[in-house]
Amino acid sequence: MNPSLQLMAPFSGPLLPLPQVPDPVFAGLMMGDGLAIEPLSSTLLAPCDGVISQLARTHHALTLTAANGAEILLHVGIDTVQLAGAGFTALVAQGDRVRQGQPLIEVDLDAVARRAASLISMLVIANGEHYQLAERASGLAQAGQTPLLRLHALPAASSSPASTPAGESRGHATVRHAGGLHARPAALVQNAARPFAAQVQVAFKGQRANAKSMVALMTLGVAEQDDVEVLAQGSDAPAAAAAVIAALQTRSQGGHAPASPVAQPAAVAAGLLSGVCAAPGLAIAPVLRLDMSEPEPLQWAEDAQRETHLLQQALQQLRGRLSQSVNDAQRRGALTQSEIFSAHLALLDDPELLQASQQGIASGHSAGFAFRQAISTQCQLLAALGNPLLAERIADLRDLQRQLLQILLGEEKQALQLSAPVILVSEDLAPSQLASLPQDKVAGMLTAAGGATAHVAILARALGIPALVACGPAALQLHSGQQVLLDASQGCCHPAPDERTLSEAATRIAALAQRRQHMQACANAAAVTLDGVSIEVAVNIANADEARDGLRHGADSVGLTRTEFLFIDRQQAPDAAEQQQAYQAVLDAMPERPVIIRTLDVGGDKELPYLQLPAEENPALGLRGIRSGFADPALLDLQLNALLSVQPQSRLRILLPMISEVDELLRVRQRLELLAGQLGLSERPQLGVMIEVPAAALLADQLARHADFLSIGTNDLTQYTLAMDRCNATLASRMDALHPALLRLIAMTVAGARQHGKWVGVCGALASDPVAVPVLVGLGVSELSVSPGLVPEIKSRIRGLDYAECQREASAMQRLTAASEVRQRAQHCWPAA
């Protein structure tokens, strides 16, 4: 084997290092090391003698294997696989032997430049771990004449691979990458396989390829939606196979190609702005433009130590501000805001982000410039993954960047003072911007970018603010002071409504307001169906303030008190006295009404410094709920003692999360009895079980023998029954608790409870869905627990139902085949008011 190989320029044009390529996969050397070139000539030439070992179906890339074994990837442009071959003419075929300087691909530079993200082309050594790259060229190259770089074979290149311990794992995957296993997705799969000792192969149509070789993967010719088999052998074979399967099935698109249009609702009339409804509602108000701006940091700084100190100070200040926002939200019971700002705290402490910032400072950049560059790299990587949920976290990173730069450069802006309701309009809003404004003065929001799963959209829904997102550049034609009609429910905005349109919309808004007033006026009355069946309407809360809000809205009881807010974001667990005070405040806020308080429901996904739980690959299937209580019995006893100290015990109901068998319930009941005896109590609180896993629903008759009540958590029950992560954006449209399987589990739970004279409630999100309320009533559920503001609407809904009809329809719906059929049938039987 020739130990040294000279590679010549494949195109004429200026050269640049790979880290400067505007693509995170190439720039991060995930495909291997090499050089990039901005082509000024239209014919790709062979950089050396060799064999064409792989030619992309779309002719935008090929791999040349040299005599010394080097695999040289030549990739023309960025994301050019999306062009489906347009603009490329292959002059060779796979398997051809070629000479240095021989034409390989003819490129229509004008046509490709108009449609591709970039013409920058890459020469990459795909198996570069076996070679040393030396004598790299720079400046302007001449095709076929300028030496680019020289490869020197390392001794390891010719050594045989080490033997791998026995152990085998097999699995199947459906390739989700747009365009199939072309260069960039193959690199992602390769990087997923590399950390493991096991040998991993991907099999397709009788061929096998080493998953640790990007070139080998590309030679399989796997297209999008093709099914492949994964085979792993070695000591860590199961983990290796799982990682490769996950990489194959991760949906990715060209991160730098023009974005695909966001799915829009039904077409709207000409002249209207259309978008995606992130939060329903109707509003008339003037526009207030909130265009994002941030100070411009200096690029270079002389004192790296000083810049490091400045960055650390700014980070600490921003951490303190975010922690305060988390605590304020928790005190108000605003769990959505708390979770969003907690996520921002986690992003701010990302080790890769901090390390990249420090590296930037060490190279001579200012603290602000280094942090901005680090954020930009993270954003590019997220965009390249093609995961909508992850891509929408880019807005969170940009929000942190803006806030930190303002702190660093001393250009923080005062919060806006609004005297009248407005509709916020921006390219994209940040959660911190929306949360800082007086909520009674925000009539709606409209953004050019964004998505329905972005944090600011989630926040808008939680606050009840009509929100329309992904409206495109036309949204930025709106100007401050311009009165608009925002109909987020219909996915549109009227930028210039005439008097008639405004009048009709105002009538609709007034009618909705009047209906809400009427429902509120009747909210304290019982929710009784037309044929005389009473349904208790309770509230889900986090603290006493939210309990009082529920009481104002007519709640009959508290159906769920989440106690987690007492335990998170602190170094030590709250003592029994602090807990008792918080729980007593909830009971005092709901006089004469029963209150359900759930024991601590945390796990590996919520880190508590004082709760020593192991890191888990899948926290949803690990030590969470009552299992974490059993893992720390002292902490569980502390909470039970605090609960037993509230008065009166007759109004207290304790709810146990994540119960899956009777022994778990009995274990807690026995402990409760012992602690109550030690306190000399004559009264005992009711003890209930949360039905969140299919096992609990299937054993409802056994659990009801020993429990005082059952409460169904439809959020978790849905994800566990359907095997769909409720945080997975790609599955969000299919995560519907009205699935016939869920209806059967709910019916089974009710039937099991009735055998022992026990009642069943629903505290999950399904209880708040007006379409689902008649179905739940028909299944025999006797309590629905919802957010405080929804109590009047849910009560009004129940009063218009015929219980016997609900029973008949709910029974028939269990025989349907899909959630969409159930939902359609429910909407037909019980149209919205």
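## The loop holding Pro-648

In this predicted model, Pro-648 sits in the loop that runs between helix 18 (633-644) and strand 31 (652-656). The peptide bond leading from Gln-647 into Pro-648 is cis, and its omega is near -5 degrees.

Met-658 is not a glycine, yet its phi is positive, at about 60 degrees. Is Met-658 buried or exposed? With a relative accessible area of 1%, Met-658 is buried, because values under 20% count as buried.

Glu-135 likewise has a positive phi, near 55 degrees, in a residue other than glycine. The loop where Glu-135 is found lies between strand 12 (131-134) and strand 13 (140-141). The relative accessible area of Glu-135 is 52%, and Glu-135 is therefore exposed, the cut-off being over 50%.

## The pairing of helix 15 and helix 16

Helix 15 (residues 544-552) and helix 16 (residues 576-589) have axes that come within 8 Å and cross at roughly 10 degrees. Because angles under 35 degrees count as roughly parallel, helix 15 and helix 16 are described as roughly parallel to each other.

On the side of helix 15, the contact is made by Ala-544, Ala-547, Arg-548 and Leu-551, while helix 16 contributes Ala-585, Val-586 and Ala-589. Sorted by class, this contact of helix 15 with helix 16 comprises six nonpolar residues, one charged residue and no polar residues.

Definitions and conventions:
Residues numbered from 1 in each chain as written. Predicted model: local features only at pLDDT ≥ 70, side-chain atom pairs only at ≥ 80, totals over all residues. Heavy atoms only, no water. Axes fitted to C-alpha atoms, helices over the stretch in contact; angles between N-to-C directions. Helix = DSSP H or I, 4+ residues; strand = E, 2+ residues; numbered from the N terminus. Parallel < 35°, antiparallel > 145°, perpendicular 65-115°, else oblique. Contact = heavy atoms within 4.5 Å. Nonpolar A, V, L, I, M, F, W, Y, C, P; charged D, E, K, R; others polar. Buried < 20%, exposed > 50% of the residue type's maximum accessible area, 1.4 Å probe, protein only.
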